[in-house]
Amino acid sequence: MTLIIITLFLALIMISGQLVALPVYLAASLLTVLAFGLDKRRALTGGYRLPEKLLHTLELLGGWPGALIGARQFRHKTQKRSYLWVLFAIVLLHFLVWAAIAWPPLAARLGLPAW
């Protein structure tokens, strides 16, 4: 499911023609995966945990694909429903913004009205 969501998102970016966003999402995702791994390790060893606000900020700044991958890879934050609701809201927000950006070029190609 994670792969499908990320693939659909990449398709939206490709359709919009804003390929400059890809390195930003890649960098933010890498940072977020690392943050998930670090927080999981600290959870297991009893160390100082990263605040959820920090993880959500990274997701909001474009690291949500990394959060989906990190949660699955490290089996971290997968049971905490309140965390997942915010994560999925962030994913939905990114999809809606990129759908709005991608619609005019797509509509032009299909001969539909832009708005």
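Arg75 is exposed, since its relative accessible area is 68% (exposed means over 50%, buried under 20%, and partly exposed in between, with a 1.4 Å probe and protein chains only). This is a predicted model, where local features need pLDDT of at least 70, side-chain atom pairs count only at pLDDT 80 or more, and totals for chains, interfaces and linings use all residues. Residues are numbered from 1 along each chain as its sequence is written, and side-chain values use heavy atoms, with hydrogens and water left out.

Arg75 sits in the loop between H3 and H4 (helices are DSSP runs of H or I with at least four residues, numbered from the N terminus). Though not a glycine, Arg75 has a positive phi of about 50°. Lys77 is in the loop between H3 and H4 too, and this non-glycine has a positive phi of about 65°. Is Lys77 buried or exposed? Lys77 counts as buried, at 13% relative accessibility.

Now step back into helix H3, residues 52-74, where you'll find His56. His56 is buried, with 14% relative accessibility. Leaving aside residues up to four places away in sequence, His56 touches Tyr83, Val86, Leu87 and Ile90 (contact means heavy atoms within 4.5 Å).

Last stop: H1 and H4. The axes of H1 (residues 2-16) and H4 (residues 81-110) come within 7 Å and cross at roughly 40°; axes are lines fitted to C-alpha atoms, for helices over the stretch in contact, and angles run from 0 to 180 degrees between N-to-C directions. That makes H1 oblique to H4 (under 35 degrees is roughly parallel, over 145 roughly antiparallel, 65 to 115 roughly perpendicular, the rest oblique). Residues making the contact include Phe9 of H1 and Trp98 of H4.

Note on methods:
Helix = DSSP H or I, 4+ residues; strand = E, 2+ residues; numbered from the N terminus.
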